[in-house]
Amino acid sequence: MKFLIKTIVMTTALCFCLPSAALPQHDNANYATHDMHDHEDHDREEANSSHAANSGHGASDGPVLTRTEDIESALADGGEPIVADVLGVVCDFCALAMNKIFSKREEVAAIYVDLDTKALNLVLVPGASMSNQTITDLAVQAGYRIAEVRRGDAALGGAS
Amino acid sequence: MTAVRTALLLTLGCLISMVTLARPVSYAGGWTVIEESDRQSSSALVHYTPSPTMSLGFKTEVNRDSDFALYSVHPTFLAKRWFGTDYQGNLYFHGGIGVASGINDNPQSDQMAIYGGVMADWETRSLFVGYRNRYLEAGHHANQFMQVFRAGFAPYEGDSGDLHTWMILEIDHRTSDPDSVTATPLVRFFKGPLLVEAGYNLTVNQPLFNFTYRF
């Protein structure tokens, strides 16, 4: 029992230490990828992905836009295609969360979260824009983290 | 000793409700309904997630073994989420404070109840391990500790909107029960906002049924 109490007390103390570390918070308003993670606990794969994105290298190496009916329709209307690689998206609840958060935005004409490619696929309303930082912040609201964002031809699989 | 323990648990409950603090935390603005029914109790929890690191809900739990019902405010805190390209890991603290009332002709008076515990999970699209525990102090109604370990796999990887199927083995340990350690194989079906689990406790021959709906 003493051990139990000790455990509970210790976990309570941790409550105070960890709140700010639970999910990434960002101040960088210009670019989403490099500063989005804390450098203490990320894995090598994640780091490589982020730094590659920031430096612009390998930007067209990731998955390209998944073309659902809605996405095709929005593309035909002239909206900008965006593909964002999402870390930690492993189940339908993850996809649901991203859908709920992004679908509320008036800039978004079509959305599809592809669990196979672990990518958030967006097509914006014609003439609308959405910064990488906004995409990152919205992903945080959904509980996830963006590793890389591709737009335009890079999102469609062409040259970046 | 009891006084110290109660004080510590009270403090924990207050801290949890202040700061905080089980898939217990949804997206910001999301609502979740969770029903759980196992060998000892049945419960229903409705929670709202104001931020992606915490949810706050109301929980009703009927403990069939000890004939009491628990009505509590139930905060959950996401302490840490580990992200990877192919995995997600989570550490949560959960707790609650409320009232325990006798049911089924249980004549004992209402008691303040408080509980707290830890949940952790790690999953990919085809593998899952999870652990949760809870210590409950409900005066003369109950003084319980339980912990549950789960491991499972998905026989196939479904995409968004597909029916996802998981095969899971649950091992639970409840210090207040004569059969303190039991095993429950279960199957989980998951599609869109709905998750359903059905299993059967092989040790004490009791069914298990859980569902979660998120909106």
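Two strands pair if DSSP finds at least two bridges between them; helices (H or I, at least four residues) and strands (E, at least two) are DSSP runs, numbered from the N terminus. The model is predicted, so local features need pLDDT of at least 70, side-chain atom pairs count only at pLDDT 80 or more, and totals for chains, interfaces and linings use all residues. Residues are numbered from 1 along each chain as its sequence is written, while chains are lettered from A and ligands numbered from 1 in the order in which they are written.

**View 1. The barrel of chain B.** Twelve strands of chain B close into a barrel in the order S1-S2-S3-S4-S5-S6-S7-S8-S9-S10-S11-S12, with antiparallel pairing. From one strand to the next, the twist averages 15 degrees; axes are lines fitted to C-alpha atoms, for helices over the stretch in contact, and angles run from 0 to 180 degrees between N-to-C directions.

View 2. S7(B) (residues 127–138) and S8(B) (residues 142–153) run antiparallel and are joined by twelve bridges. Leu136(B) has Gln144(B) in S8(B) as its bridge partner. Three residues lie between the strands of this hairpin, where Gly139(B) takes a positive phi near 55 degrees. S8(B) also pairs with S9(B) (residues 164–174), in the antiparallel sense and over eight bridges. There, Ala151(B) has Leu169(B) of S9(B) as its bridge partner.

**View 3. Strands S11 and S12 of chain B.** Eight bridges link S11(B) (residues 194–201) to S12(B) (residues 206–214), and the two run antiparallel. Opposite Val196(B) stands Phe211(B) in S12(B).

**View 4. Helix H4 of chain A.** H4(A) covers residues 92–103. Its expected span (1.5 Å times one less than its number of residues) is 16 Å, and the end C-alpha atoms are 16 Å apart, which agrees. Eleven of its twelve residues are buried, so the helix is largely enclosed by the rest of the structure. A residue is buried if 20 or more other C-beta atoms, placed from the backbone, lie within 10 Å of its own. The buried residues include Asp92(A), Phe93(A), Asn99(A), Lys100(A) and Phe102(A).

**View 5. The nonpolar cores.** A nonpolar core is a set of buried Ala, Val, Leu, Ile, Met, Phe, Trp, Tyr and Cys residues joined through C-beta atoms within 7 Å. The largest has 49 residues, and those with the most contacts inside it are Ala84(A), Val86(A), Cys94(A), Met98(A) and Ala139(A). Elements that each supply at least two of its residues include helix H3 (69–76), strand S1 (81–87) and helix H5 (132–142) of chain A. H4(A) gives the largest share of this core, eight residues. Apart from it lies another core, of eleven residues, among them Phe68(B), Ala100(B), Tyr135(B) and Ala138(B).

**View 6. Val86 of chain A.** Beyond its neighbours within four places in sequence, Val86(A) is in contact with Lys118(A), Ala119(A), Leu120(A), Ala139(A), Tyr144(A) and Ile146(A). Two residues are in contact if their C-beta atoms, placed from the backbone, lie within 7 Å.

View 7. Residues 11–21 of chain A have pLDDT below 50, with 19 contacts in the model beyond near neighbours in sequence. Over residues 25–59 of chain A pLDDT stays under 50, and the model has 62 contacts for them beyond four places in sequence.

Terms used
pLDDT = per-residue confidence, 0-100.
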